[in-house]
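Reader: Before we go through this model, I would like every label to be set against its cut-off. Could we begin with the terms and then turn to the residues?

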Amino acid sequence: MRVVLIALLAAAFASSGCLVLALQPAYDDGSVVYDEALTGEWVNTEDETSATVERAEWRSYKVTYADRFATRTFHGNLTRIGTSSILDLTEVRGADAGPYLLPVHGIFRVTVAGDLLSAAPLDYGWFTRAMTLKTAGRPAAAVDDRRNVVIASSTTELRRWLTRAPDAAFSAPMTFKRKP
């Protein structure tokens, strides 16, 4: 059993590029907020990444994220949970992909302080360890065939968990500086 546990933990650390995604959003209609401070062009010269955050329909954002390999566009909704601002991102798709492809939600704890934006995603290593060790205090989750952690909790359960989520459940934040 100990060998299996060590192998699972080693696999989790080796695949730290995997994602933690949720089937349900971290927001509901009554909790969506809009913060103008989030909009703008942001760069991280160290990682060679950038994010452009624009106002979209209703109280939402269009987020375009680029790294050295690809550019992706997301629809974002901001919500407050406790003292945290949580940005929920879903990938923008051009057409309805049908009932067998589900949109998933990436969840980021974000802060804007002057010209600095920090965005911390849910931490893959923390979730895989909690799942392996059957640690209580995490939302219902499973690993998909791409080795992503998929949270299957309802929005209400997810929001309840996020109010008390340990700091370790979030990765180190990506930090961006506002372009002049």
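Author: Contact means heavy atoms within 4.5 Å. With neighbours within four places in sequence left aside, arginine 109 is in contact with Ser84, Ser85, Ile86, Ser118, Ala119, Ala120, Asp167 and Phe170. This is a predicted model, in which local features need pLDDT of at least 70 and side-chain atom pairs count only at pLDDT 80 or more, while totals for chains, interfaces and linings use all residues. Residues are numbered from 1 along each chain as its sequence is written, and side-chain values use heavy atoms, with hydrogens and water left out.

Reader: What pLDDT does the protein chain average, and where does pLDDT stay under 50?

Author: On pLDDT, the predictor's confidence in each residue from 0 to 100, the protein chain averages 89, and 90% of the residues score at least 70. Over residues 1-16, however, pLDDT stays under 50, and for that stretch the model has 12 contacts beyond four places in sequence.

Reader: Why does arginine 109 count as partly exposed?

Author: Buried means under 20% relative accessible area and exposed over 50%, with partly exposed in between, for a 1.4 Å probe and protein chains only. Arginine 109 has 22% relative accessibility, and therefore counts as partly exposed. Arginine 109 is found in strand E8, where strands (E, at least two residues) and helices (H or I, at least four) are DSSP runs numbered from the N terminus.

Reader: What makes the charged end of arginine 109 one that sits over the ring of phenylalanine 170?

Author: The criterion is that NZ of Lys or CZ of Arg is within 6 Å of the ring centre and within 35 degrees of the ring normal. The charged end of arginine 109 is 4.1 Å from the centre of the phenylalanine 170 ring and sits over that ring. Arginine 55, at 4.0 Å from the ring centre, likewise lies over the face of tyrosine 34.

Reader: Why is the pair of tryptophan 126 and phenylalanine 127 called edge-to-face?

Author: Rings of Phe, Tyr and Trp (its six-membered ring) pair if their centres lie within 6.5 Å, and planes under 30 degrees apart count as stacked, over 60 as edge-to-face and the rest as tilted. A search of the whole structure finds four aromatic pairs. In the pair of tryptophan 126 and phenylalanine 127 the centres are 5.0 Å apart and the planes stand at 80°, so the pair is edge-to-face.

Reader: How is the pair of tryptophan 126 and tryptophan 161 classed, and why?

Author: Their ring centres are 5.9 Å apart and their planes are at 40°, so this pair is tilted. Because tryptophan 126 lies in helix H2 and tryptophan 161 in helix H3, the pair ties together parts that are 35 residues apart in sequence. Both tryptophans are buried, and Trp126, Phe127 and Trp161 form one aromatic cluster.

Reader: What makes up the largest nonpolar core?

Author: A nonpolar core is a set of buried Ala, Val, Leu, Ile, Met, Phe, Trp, Tyr and Cys residues joined through side-chain atoms within 4.5 Å. The largest one has 22 residues, and those with the most contacts inside it are Ile107, Leu122, Phe127, Leu158, Trp161 and Leu162. Two or more residues of this core come from each of strand E1 (20-22), helix H2 (124-132), strand E11 (149-151) and helix H3 (155-164), and H2 gives the most, with five residues.

Reader: How do you know that the buried residues of H3 lie on the same side?

Author: The buried residues in H3 are Thr155, Leu158, Arg159, Trp161 and Leu162. They cover an arc of only 165° around the axis, which puts them on the same side of H3; the arc is that of the directions from the helix axis to the C-beta atoms. On the other side of H3, Thr156, Thr163 and Arg164 are exposed.

Reader: Is threonine 64 buried or exposed, and why?

Author: Threonine 64 has a relative accessible area of 19%, and is therefore buried. Threonine 64 is found in strand E5 (residues 60-66).

Reader: Which label does tryptophan 58 get from its relative accessible area, and why?

Author: Because its relative accessible area is 53%, tryptophan 58 is exposed. Tryptophan 58 lies in the loop between strand E4 (49-55) and E5, and its phi is near 55°, a positive value in a residue other than glycine.
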